[in-house]
Amino acid sequence: MSSKNLVVRFAGEGGQGVVGGADLMASAAATGGYHVLTFSTFPSQIKGGPAWGQARVSSEPILTPGDWLDVLVAQNQYAYDTNLPDLREGGIVVYNSEEFEVTGNSRAYGIAADKMAREAGNPLASTIILIGAVAQMAGIDLNAIEAFIVKRWTRGRASDKQIIDGNIAALRMGAEEGKKSGLSVTPLDPPPVHAEPRVMIRGFEAACLGAMAAGLDTFIGYPISPATTMLTFMEQNLVGKDKFVGQASSEIESIASLVGAGFAGRKVMTSTAGPGLSLMGEGLGLAWMAEIPLVVCDVQRGGPATGLPTKTEQSDLYAAINPGHGDMSVPVIAPGNPEEAFWAAGHAMNWAERYQGPVILLSEASIAERAQDIAIPDASKMKQENRVVSDGKVGNRRYAGDSVTPFPVPGGPGAYVANGSEHDEEGDTTHLPNIHVQMTDRRFAKLKVLEDGTFEAERTSASIALLPWGGSKGSALAAWRELIDEGVDLGWYYTMFLNPLPPALLEALQAKRLVLVPELNYLGQLAARLRSMGVNAQAITQYTGLPFKEADLKSAIRERMAAFK
Amino acid sequence: MSKRNALYDFKWCPGCGDFGVKVAIEQALARRAVENQESIEKTVIVAGIGCSGNLVHLQEGPQPFALHGIHGRALPIAYGVKGPRPDLNVLTVGGDGDMLSIGAEHIGPQARRNLNITTIVMDNGIYGLTKGQASPTTNVDVVTSTTRYGKLDDKLNPLMAYLGLGVGYVVSELSSRVKPLGEAIKAAMDYPGFSVVHVQSPCTTYNDTYAILKGDEKKGIEPLAFPIPDTHDVTNLHAAMDLVQGPRIPIGLVYRREGESVAADQRLLDAKIRTKVEQKSVDALLREMVI
Ligand SMILES: Cc1ncc(C[n+]2csc(CCOP(=O)(O)OP(=O)(O)O)c2C)c(N)n1
Ligand code: SF4
Ligand SMILES: [Mg+2]
């Protein structure tokens, strides 16, 4: 017997390398050819507090981090107690026997990995010892992990060989411990054979690269979890001629400076999370009024105010569409996984250029931080749209017409006043009622050019449909597939393009008797929005700061379907 | 623009100090255009919200680009214009509320970036557009609609604030001195870093300070403003701080930092040369992640 999946969780305290352990496990397995996906959760502090990192390894493409653990690596008593309920029947515990003792559990084995690593003169290798033990117990080919170690630590330094040898020795030591334990889980299937090269990528990297592929040249941001990684990635990689990256002194500065840069003709983006998005409300309104292309990537975390800085949630949808006061409707694209993040970011750049206004790329902590193996995206397939630049024919009448019009760029012809107050065709302030009507209509009419969003639709004949969004896509898809296998008649719809929704999708949803919307928030934000558009939508909500489990979602869908008559 | 645009419905009150600032800016831009042989379209004026910010709609003659944004944010908007587009000439205009109250948080960061941006503060010691509330530069004890029994908070010393926050070029002027003001704005634009031109620009409707600033012999009022003596060493920060201690307001070039700080355009260029970093293609970056 063999298994398609292995789910390993490293649990302990922040600063104990549990997230790094899961990452290393995933990277090693990916090098061996497996599909991998990581998920981690930790408190907002540098040292201490309960934290865990999880790696799912599979011979098949992966949708979720996995509901149940095959192996729990517990660094302390608390980690053992709180994570044990997630261990599947037949699962194994590896615990840090230097820290605590587990009694009365025949499926638990203690390893003093830190001590072993110290004694071997390689104190940094304790995680590798644990990985060696887990690999042995799960039947993963150790040669593949050795190959990973060689690759990872070949850095062209004199010390390479010593480090590699030390780590391989640690791996073997761990495997010995694994053998000694006499414990094992169902061995993993051999890895699949891949036709094309694959990359190990995190959601934030994919989003950054997608935006760059679409022609991004200016990025200005302010650090905030879980969006800081995009700012630092850009600082490192968006370099060279005509590229600009800056650290602003607040999100108020970030958005204001993006408006300035977009006005000056650049293709611009920032990243932030909820608190920053709140501060950007007025600036986003300015971009909407003055018709300045820019993209804000909001990496959602939990709750209002400071909330849950390091957890995942989907509670910023309202704020993304209406980030500020007054009549506006900001276009929103929400990717469902790292691969989609690449294309979504490019789309967001292109939408901003095409309709000349702000676009929100709505990401989530769990997507941004997740590492996953995907087929290498073909960057040459990314469209690069650029705003139509004014040739000065209409003089300074920049806002003439009832939809998108050529954009005058400073230095070129067509000098005008880009104005956040209501304005006439030249951008001069006016309060005339008919002009406010004309310009409001113009700004909303521009959204028409964004109705090219695509969507997934399966089992379209079913009268009840499932419509997840963003990072809940994976769990929802896994749950939906199982329900279909079990004979349930349920339609599947999914899109990244949340505003404006693809018109054909909206029409299809309006025709359903019931649309179930799984979302990680209290209010049921997409469901409420759909109801306001004539869709009989019901939210299935969760607000734990963690993603949906596949099994929970499955039973919630069954319950809702049974209750709906 | 108003002369050509019948729909524009904003007007300054008769005698408003902002008229003088407008003309001075027009003169400075015209002179720069001739001297540097460049089109007016290379200039961007970023305006705050207030009576003062409406200047961009009232400009006459050749028209620069302008961005009339939101209250208090002219400086970060200007950062976004100038950072990635160092080829543009960038000015900001705004009031004392705009720059020294809601937007004050941006002065320090902008001084440290030291981009070649010139900021013109039109100080009337009052919130004009919102009809006469106290501002940071309203005098103590003055009665306004938000200080019915006299202003309690101390008055800000804006010139001292700029110096303290590290602004490398500080000018203090009067809106009624149109020609010297135009020259001062032009010189500030020529300075290669961040410069502030602080203009006393009285509000005839809510806080008429003309007489106080210039004095009135008949009424026995001593002028508050005084010309900076030739003996002042403009490159000496301590001397500049002594000069602006108040309560009287010095008029002229207060401070010009020399040598010690590099304009950010140059800094960006230096950094690129130092690191020799080349933009890699997205495909190349992806290839680095191949398993
Ligand atoms: C965020 C925000 N808060 C408040 C206002 C209202 N407001 C408009 S102008 C202004 C103050 C104007 O004073 P000042 O900046 O000194 O300009 P002045 O009119 O005196 O030239 C205020 C408070 C606003 N437009 N935006
Ligand atoms: S209210 Fe004061 S500042 Fe405003 S236009 Fe009138 S005089 Fe000028
Ligand atoms: Mg004022």
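1. A crossing is left-handed if the near helix is turned anticlockwise from the far one by less than a right angle, and right-handed if clockwise. The crossing of α4(A) and α6(A) is right-handed. Helices (H or I, at least four residues) and strands (E, at least two) are DSSP runs, numbered from the N terminus.

2. This is a predicted model, in which local features need pLDDT of at least 70, side-chain atom pairs count only at pLDDT 80 or more, and totals for chains, interfaces and linings use all residues. Residues are numbered from 1 along each chain as its sequence is written, chains are lettered from A and ligands numbered from 1 in the order in which they are written, and side-chain values use heavy atoms, with hydrogens and water left out.

3. Look at α4 (residues 126-138) and α6 (residues 160-181) of chain A. They pack at an angle of about 45°, with axes 6 Å apart. Axes are lines fitted to C-alpha atoms, for helices over the stretch in contact; angles run from 0 to 180 degrees between N-to-C directions. So α4(A) is oblique to α6(A). (Under 35 degrees is roughly parallel, over 145 roughly antiparallel, 65 to 115 roughly perpendicular, and the rest oblique.)

4. Which residues of α4(A) meet α6(A)? Among them are Ile128(A), Gly132(A) and Met137(A). On the α6(A) side, the list includes Asn167(A), Gly174(A) and Lys179(A). Contact means heavy atoms within 4.5 Å. By class, this contact has 9 nonpolar, 6 polar and 1 charged residues. Ala, Val, Leu, Ile, Met, Phe, Trp, Tyr, Cys and Pro count as nonpolar, Asp, Glu, Lys and Arg as charged, and the others, Gly among them, as polar.

5. A second pair is α7 (residues 203-213) and α8 (residues 228-237) of chain A. Their angle is about 50°, and their axes lie 9 Å apart. They are therefore oblique to each other. Their crossing is right-handed. Phe204(A) and Met212(A) are among the α7(A) residues in this contact, and Phe233(A) is one of those from α8(A). The classes are 8 nonpolar, 2 polar and 1 charged.

6. Is Leu467(A) buried or exposed? Leu467(A) is buried, at 3% relative accessible area. (Buried is under 20%, exposed over 50%, partly exposed in between, with a 1.4 Å probe and protein chains only.) Leu467(A) sits in the loop between β17 (464-466) and α16 (473-485). Beyond four places in sequence, its contacts include Tyr493(A), Val515(A) and Leu530(A).

7. Ser363(A) lies in strand β13 (residues 358-364) of chain A. Ser363(A) is buried, at 8% relative accessibility.
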